[in-house]
Amino acid sequence: VLADEYGGGRPEYLHAELYRQTLEAVGLDGSYGAYLDRLPGVTLATVNLMSMFGAHARWRGAIAGHLAVTEMTSSEANRRYGRAVRRLGYTSREATHYFDEHVEADAIHDVVAAHDLAGGLAEAEPDQGDTVVFGARALFLVERAFADHLLGAWAAGRSSLR
Amino acid sequence: MTRATEIACYPDGPLIVRGPVRLVDATGTRIPTRRTTIALCRCGHSRIKPFCDGTHRTTGFATQEEDGRPGTARADHHAPEPSCAEEAG
């Protein structure tokens with residue numbers, strides 16, 4: 001999974017680089033953290049949760065469960081994102097590559113993260129099993145709060161940003 | 001010593017190929033991939049065949065294990081029902 005995220009060693013395929021290209025292709029600022037100050041806490045919580053699990057060894061089960069659910073739900077979402085940017089007229093490779101790449105890459109990461117990584121950890125360290133499930137459920141909780149905020153703003157005709 | 005290329009059958013999911021392979025179509029023309037690990041569709045519904053795109057999750061695709069070995073696909077899974085929103089795209 002990491003090898004893919006880092007472009008298999010090729011800087012031009014680094015996923016962060018693909019996303020920078022996508023942002024700029026749709027007319028947004030692609031520099032690092034450009035929109036950070038405009039994101040509300042409920043949105044930042046989704047990445048903070050991942051960082052917190054990832055930064056502490058005692059939460060290794062939780063980050064495995066979190067990653068598994070992230071990857072298991074990613075291919076279909078990226079397929080829709082890819083279709084959405086095309087529908088909006090952004091059909092260049094720069095605009096669509098990040099999403100197209102994740103349809104294929106995350107179909108692989110899906111089974112690797114769920115079976116080998118999260119399943120493998122629970123098998124090797126059975127006492128981590130509950131923590132794996134906790135990480136997965138925590139992701140659903142914060143993502144639900146984020147989605148409610150985003151869709152609520154959309155329905156009300158206002159921005160979800162600060 | 002090099003390890004043999006491995007094809008792993010994942011339950012209710014794709015075939016994961018780990019290691020160098022030459023992927024070609026029926027005429028022998030190479031299908032490009034730059035990954036060393038690839039997922040091949042086995043539910044039949046992927047939109048990026050021969051690669052998996054995760055569509056098996058939405059079609060109820062299921063494999064059956066027999067004698068502890070990874071099984072073949074059951075025939076009773078359903079084709080995806082495209083929603084209005086999807087078709088409008």
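Predicted model: local features only at pLDDT ≥ 70, side-chain atom pairs only at ≥ 80, totals over all residues.
Tutor: Residues are numbered from 1 along each chain as its sequence is written, chains are lettered from A and ligands numbered from 1 in the order in which they are written, and side-chain values use heavy atoms, with hydrogens and water left out.

Student: How do you know whether the radius of gyration of chain A agrees with that of a compact globule?

Tutor: The radius is taken over C-alpha atoms, and the globule rule is 2.2 Å times the number of residues to the power 0.38. For 162 residues a compact globule would have a value near 15 Å; chain A has 17 Å, which agrees. The C-alpha trace of chain A spans about 50 × 40 × 25 Å along its principal axes.

Student: Why are A:Tyr98 and A:Phe99 called an aromatic pair, and of which kind?

Tutor: Rings of Phe, Tyr and Trp (its six-membered ring) pair if their centres lie within 6.5 Å; planes under 30 degrees apart count as stacked, over 60 as edge-to-face and the rest as tilted. The search of the whole structure finds six aromatic pairs over all chains. In the pair A:Tyr98 and A:Phe99 the centres are 5.5 Å apart and the planes 85 degrees apart, and the pair is therefore edge-to-face. A:Tyr98 and A:Phe99 also belong to one aromatic cluster with A:Tyr19 and A:Tyr81.

Student: Are these two residues, A:Tyr98 and A:Phe99, buried or exposed?

Tutor: Both A:Tyr98 and A:Phe99 are buried. Buried means under 20% relative accessible area, exposed over 50%, and partly exposed in between (1.4 Å probe, protein chains only). Of the 162 residues of chain A, 37% count as buried; of the 89 residues of chain B, 30% do.

Student: What makes B:Asp12 partly exposed?

Tutor: B:Asp12 has a relative accessible area of 37%, and this value lies between the limits of 20% and 50%, so the residue is partly exposed. B:Asp12 is in the loop between strand 1 (6–9) and strand 2 (15–18) of chain B. Its phi is positive, about 55 degrees, although B:Asp12 is not a glycine. Most residues other than glycine have a negative phi, and most peptide bonds are trans.

Student: Which peptide bond is cis?

Tutor: The bond from B:Lys49 to B:Pro50 is cis, with omega near 10 degrees. B:Pro50 lies in the loop between strand 3 (37–40) and helix 1 (56–59) of chain B.

Student: How do you know that B:Arg34 lies over the face of A:Tyr13?

Tutor: A charge sits over a ring if NZ of Lys or CZ of Arg is within 6 Å of the ring centre and within 35 degrees of the ring normal. B:Arg34 is at 3.9 Å from the ring centre of A:Tyr13, and it lies over the face of that ring.

Student: What makes up the contact between the chains?

Tutor: Contact means heavy atoms within 4.5 Å, and the contact takes 22 residues from chain A and 20 residues from chain B. In chain A, A:Arg79, A:Glu104 and A:Ile108 lose the most area to chain B.

Methods:
Helix = DSSP H or I, 4+ residues; strand = E, 2+ residues; numbered from the N terminus. Buried area = accessible area lost by both parts, 1.4 Å probe.
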